[in-house]
Amino acid sequence: MDFLELATRRFSVREFSFRPVEEEKNTKILQAAKVAPTAVNYQPQKLYVIKSPEGIRTLAGLRNIFGAPLAVVICYDDTLSWKNGKDNGHDSGEVDASIVTTHMMLQAWELGIGSCWIGSFNPKEVAEAFGIPANEHPVAILPLGYPDEGCRPSDRHAAYRPDDEMVRYK
């Protein structure tokens, strides 16, 4: 499958089967995070792989993860992230973590594994629940698993703004 086909077919999975994700597929998804581009290649990402039944229950108690058997909390370490000296020291960590999350989502889909980017959660609660240090900031939760048989994309999945509303040529 070419990239645009992969990116177009991928959708947010909100119904997972109980089938566990094979370790070799999990490893490949994590490898995609490792090779993702980050500012100055500082690689500030920290990945908390939640797969034990206790960890999954804890995470599901903080945020709906749609019955996924596996989830990754994607964080960035502010002691490692690049600071933009031309923009008042703006920290690139959140952008880097977002790039990493995108790479993981696309790699997962290529392997037949669904995901759903979760950005609506309380980062302090997640950090406390999993003992994440204060210098590591949760940016996204990525539930992973095989889509349930009846899982379909939302009605808005294929709704795209017209090019003239999005693209500007100067």
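1. The crossing of α2 and α4 is right-handed, the term used when the near helix is turned clockwise from the far one by less than a right angle. Helices here are DSSP runs of H or I with at least four residues, strands are E runs of at least two, and both are numbered from the N terminus. This is a predicted model, in which local features need pLDDT of at least 70 and side-chain atom pairs count only at pLDDT 80 or more, while totals for chains, interfaces and linings use all residues. Residues are numbered from 1 along each chain as its sequence is written, and side-chain values use heavy atoms, with hydrogens and water left out.

2. Look next at the helix pair itself. The axes of α2 (residues 23-35) and α4 (residues 93-110) come within 8 Å and cross at roughly 145 degrees. Each axis is a line fitted to C-alpha atoms over the stretch in contact, and angles run from 0 to 180 degrees between N-to-C directions.

3. Which residues of α2 and α4 make the contact? From α2 come K28, I29, L30, A32 and A33, and from α4 come V100, H103, M104, Q107 and A108. Contact means heavy atoms within 4.5 Å. These residues divide into 7 nonpolar, 2 polar and 1 charged; Ala, Val, Leu, Ile, Met, Phe, Trp, Tyr, Cys and Pro count as nonpolar, Asp, Glu, Lys and Arg as charged, and the others, Gly among them, as polar.

4. Now find Q45, in strand β1 (residues 45-50). Q45 counts as buried because its relative accessibility is 14% (buried is under 20% relative accessible area, exposed over 50%, partly exposed in between, with a 1.4 Å probe and protein chains only). A polar atom of the Q45 side chain lies 3.1 Å from the backbone oxygen of A33. Leaving aside neighbours within four places in sequence, Q45 has contacts that include A33 and V100.

5. The open sheet has 4 strands in the order β1-β2-β6-β5, with antiparallel pairing. Its edge strands are β1 and β5 (114-115), each pairing on one side only. Two strands pair if DSSP finds at least two bridges between them; β5 and β6 (residues 136-145) pair in the antiparallel sense over 2 bridges.

6. Is L144 buried or exposed? L144 counts as buried because its relative accessibility is 0%. This residue of β6 is the bridge partner of S115. L144 and I29 are 115 residues apart in sequence, yet 9.8 Å apart in space, C-alpha to C-alpha. Leaving aside neighbours within four places in sequence, L144 is in contact with I29 and A108, among others.

Key
A polar contact is a pair of N or O atoms within 3.5 Å; within protein, one must be able to donate a hydrogen and the other to accept it, and residues adjacent in sequence count only if both atoms are side-chain atoms.
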